[in-house]
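Visitor: Please take me through one part of this structure up close. I would like to see how it sits against the rest.

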Amino acid sequence: KLTNLLEVFETLQEHINELDMVLISAESIPYQEDLKPWQHKFQRIDTVLKLWMEVQNNWMQADKFFSWSDVRQNLSQEAIGFIVVDKQWRWLMKQVQCDPHVMRTCCKEGRLRFLEEINQSLEQTRVAIYKYYDNFKAIYPRFYFISSYFIHTFISNFSDVKVLSKHMCMLFPGVHELALDNTQVKNKHVITGVIGSNGGTVYLNSSMLPDNYDKVTTLLNDFSANLHDTLKDYFAFLIEKISSERPLDQIDINHIAYFLLKELTNA
């Protein structure tokens, strides 16, 4: 991995600026033919290093995504293609370790073209990965507001209720964690409600067992509908209390108002 390139870029820019000043001076006219190749070299180094950093960032991103089993399984062709690119990238970095000289490494014949080809493959891979996650976003729009890493977390762990509970706040800002019950189904955690950041608990109209679902998007869509129906019923109940002038439970009001406000502001 290329690191600490700031000093290299600063030194390179200093050389480029100094050479530009020399080239526009009248005294340099007799030496133009000797100076022009250096100008091209500095420009080539700048172009190669910037592309190299772009390739490195794209490779690191792809390497992270393909370490996840769901991506490898659903993007099998891209995964095979990345194996080839990964070998090319690692070979290139070994070459740099053997010869870290900036000018020789960047100006080596075919180096720019080699990086362009790798980057083209990585860009195609990146597009495929984004399309893969966009499919989940289209089915469950709240995924648009979280990173691919957290989408992956939900995809890979949605049957693990404890992981689901920990990350549910990413999708529902008012939810701190899920209210769980392991007595309804033997050795299974059932989602019975939501616990807000204010500590209040609202119990869902219908308990949910994640093991009954084979897709995270179906589970989350059902959970969203269940939560919204529950909040609507609670709200209607509170309105009825108010209209009938019956005494109100202040705890109920606080908890329901909190979740309603969070859901409305997140809509």
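Guide: Start with helix α1, residues 6–23. Helix α1 has 18 residues and reaches 26 Å from its first C-alpha to its last, close to the 26 Å expected at 1.5 Å a residue. That expected span is 1.5 Å times one less than the number of residues. Helices here are DSSP runs of H or I with at least four residues, and strands are runs of E with at least two, numbered from the N terminus.

A word on the source: this is a predicted model, in which local features need pLDDT of at least 70, side-chain atom pairs count only at pLDDT 80 or more, and totals for chains, interfaces and linings use all residues. Residues are numbered from 1 along each chain as its sequence is written, and side-chain values use heavy atoms, with hydrogens and water left out.

Leu 12, Ile 16, Leu 19 and Leu 23 are buried. They lie on the same side of α1, because they cover an arc of only 70 degrees around the axis. The arc is taken from the directions from the helix axis to the C-beta atoms. An α-helix has 3.6 residues a turn, so residues three or four places apart point the same way. The face turned away from the buried side carries exposed residues: Leu 6, Glu 7, Glu 18 and Met 21. Buried means under 20% relative accessible area, exposed means over 50%, and partly exposed is in between (1.4 Å probe, protein chains only).

What do the buried residues of α1 pack against? They pack against α2. Contact here means heavy atoms within 4.5 Å.

Follow α2 itself, residues 32–65, to Gln 61. Gln 61 counts as partly exposed because its relative accessibility is 24%. Leaving aside neighbours within four places in sequence, Gln 61 is in contact with Arg 126 and Tyr 130. The side chains of Gln 61 and Tyr 130 make a polar contact at 3.0 Å. Such a contact is a pair of N or O atoms within 3.5 Å; within protein, one must be able to donate a hydrogen and the other to accept it, and residues adjacent in sequence count only if both atoms are side-chain atoms.

Last, the whole chain. The protein chain has ten helices and three strands. Buried residues make up 39% of its 267 residues.
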